[in-house]
Amino acid sequence: IEHGEGYHLLLAGLSRIDCVVGQWVLAGEPVGVMGTGKESQQLYLELRRQGVPIDPLSWLVPAKDKVG
């Protein structure tokens with residue numbers, strides 16, 4: 001997912017992707033779904049700037065601090 005200013009988000013572990021390349025998505029809009037099988041499901045998230053992985057913790061805000 002391209003965020004602009006050289007930032008991209010890489011997601012892996014989705015069983016279904018509900019977007020296509022070039023599609024615009026809104027903040028909070030689902031981009032896919034996780035599997036529901038018996039095996040443990042894990043979502044891999046990687047934030048990159050100019051193609052280099054960076055720590056995404058500063059982008060992950062606790063729910064109580066979000067506007068909405």
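## Strands that pair

In strand β5, His8 finds its bridge partner in Arg48. Strands here are DSSP runs of E of at least two residues, numbered from the N terminus, and two strands pair if DSSP finds at least two bridges between them. Please keep in mind that this is a predicted model, where local features need pLDDT of at least 70, side-chain atom pairs count only at pLDDT 80 or more, and totals for chains, interfaces and linings use all residues. Residues are numbered from 1 along each chain as its sequence is written, and side-chain values use heavy atoms, with hydrogens and water left out.

β2 and β5 (residues 44-49) run antiparallel, joined over 6 bridges. Leu10 belongs to this pairing too, with Glu46 in β5 as its bridge partner.

## Two hairpins

On its other pairing, β2 (residues 7-12) meets β1 (residues 2-4) in the antiparallel sense over 2 bridges. Gly4 is bridged to Tyr7 of β2. The two strands form a hairpin with 2 residues between them, and Glu5 in the turn has a positive phi of about 55°.

β5 also pairs with β6, again antiparallel, over 3 bridges. Here Arg48 has Pro53 in β6 as its bridge partner. This hairpin has 2 residues between the strands, and Gln50 takes a positive phi near 55°.

## The largest pocket

A pocket is found on a 1 Å grid over the protein atoms alone: it is an open set of points where a 1.4 Å probe fits, with protein on both sides within 12 Å along at least five of seven lines, and lining residues have an atom within 4 Å of a point. The largest one has a volume of about 1100 Å³. Its lining has 30 residues, and Ile1, His3, Leu9, Val25 and Val31 lie nearest the centre. β1, β2, β3 (14-17) and β5 each give two or more residues to this lining, with the largest share, 4 residues, coming from β2.

By class, the lining has 22 nonpolar, 5 polar and 3 charged residues.

## A nonpolar patch

Leu45, Leu57, Trp59 and Leu60 make a nonpolar surface patch of about 400 Å². Such patch residues have over 30% relative accessible area and no salt bridge, with nonpolar side chains joined within 5 Å. Leu60 sits in the segment after β6 (52-54).

Terms used. Patches are made of residues with over 30% relative accessible area and no salt bridge: like charges are joined within 9 Å, nonpolar side chains (Val, Leu, Ile, Met, Phe, Trp, Tyr) within 5 Å. Accessible areas come from the Shrake-Rupley method with a 1.4 Å probe; for residues, only the protein chains shown count as cover. A salt bridge is a side-chain nitrogen of Lys or Arg within 4 Å of a carboxyl oxygen of Asp or Glu. Grid points are joined across faces, edges and corners, and a volume is the space filled by probe spheres set on the points. Ala, Val, Leu, Ile, Met, Phe, Trp, Tyr, Cys and Pro count as nonpolar, Asp, Glu, Lys and Arg as charged, and the others, Gly among them, as polar.
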